[in-house]
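Dear colleague,

I am handing over the structure that we discussed, and below it you will find my notes on what came out of it. Please read them with the model open beside you.

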Amino acid sequence: MSDAVPTDLAAYIERAIGAIPASASRKRRMREELLAHLLDIYDEELERLHDERTAAARTKQRFGLPDDLRNELTAAVPWVERLFLLLFGKGNLMARWLWMYFVGVLAVFVGFGFILPAIQQLRDPAPIMPNNRFGIGVLMPFGVVLSVVGVLLMGYNLRKGFRLRRSRSTSRPNGDNSVNAAN
Amino acid sequence: MQNINGDMLRGHLETLILSTLDQGQAHGLEIIRRLHESGCGALRLKEGSLYPALYRLENAGLVHAAWEEETKGRRGARRRIYRLTAKGTKELNKGREAWRHFVAVIGGILGEPA
């Protein structure tokens, strides 16, 4: 077997597996197992056809279209793993910025959770919770800092997200983003 | 005889795989061979389609997979050997029962070919 054949078959598998939203270890497992199967088919076909190129073409034909396989393999990845990768995945910058935007929203909400009781204490000095050790001096600055950080996070990530979207739409006018790097 | 392709197999592929593993543990290519032999050559399945079904079965705990140690002739790429679990055997029996029921009901409606 020439070196070109396994490389060609590995590239074929990469087209199917590269863009799947799955963990690196799952993809590694899939790659190895699918390559082993393809090489087995290839050996069978080479024995039958006695021609490397025809055998490689027949191997791919027997295995199916990489795009169809990618869709089927994606559906076989547990949804928890897909969700996790959508939120925290290294490759998904858009999702990461969206996620950081929501962290900002959360920070604003928590910040207001400190500011509002502080305002309430300013209006009515009688403590709402008598055992509460934190007075206005702690609640107010902490709440304000948290809210400001939240607003900055929201603004920064919203801007980044829009920029990324714009750069994607200008670099890929046909919307072809189906095949990309492995990880 | 009319060929049975992937679309026609949809919904039955997983039970068919469980059934082939009932004959003993096997790797992907062996499962395909068993399916083709049992289907008398009428089954036309893209071999890649087997793996998503196997992964679903593995996630559901119906099959267990282990890496084969031997890699001879495959440039270091190992195969995974699948075997039926107890849960898988139960599911296979359920699948067979459901199929018998389906055939009885639909067969009763369609009748024998003229």
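In this predicted model, B:E47 forms a salt bridge with A:R62, and their closest N and O atoms are 2.7 Å apart; a salt bridge here is a side-chain nitrogen of Lys or Arg within 4 Å of a carboxyl oxygen of Asp or Glu.

Residues are numbered from 1 along each chain as its sequence is written, and chains are lettered from A and ligands numbered from 1 in the order in which they are written. Local features need pLDDT of at least 70, side-chain atom pairs count only at pLDDT 80 or more, and totals for chains, interfaces and linings use all residues, while side-chain values use heavy atoms, with hydrogens and water left out.

Turning to the interface as a whole, 27 residues of chain A are in contact with 24 residues of chain B, where contact means heavy atoms within 4.5 Å. The area buried between the two chains is about 2200 Å², of which carbon and sulfur atoms give 52%; buried area is the accessible area (1.4 Å probe) that two parts lose on being put together, summed over both. A:E32, A:E33 and A:H37 supply 28% of the area that chain A buries against chain B, more than any other three residues.

One helix pair deserves a look. The axes of helix α2 (residues 24–49) of chain A and helix α3 (residues 28–38) of chain B come within 9 Å and cross at roughly 55°; axes are lines fitted to C-alpha atoms, for helices over the stretch in contact, and angles run from 0 to 180 degrees between N-to-C directions. The two helices are therefore oblique to each other, as angles under 35 degrees count as roughly parallel, over 145 as roughly antiparallel, 65 to 115 as roughly perpendicular and the rest as oblique. Their contact is made by A:H37, A:D40, A:I41 and A:E44 on α2(A) and by B:G28, B:L29, B:I32 and B:R33 on α3(B).

Notes:
Helix = DSSP H or I, 4+ residues; strand = E, 2+ residues; numbered from the N terminus.
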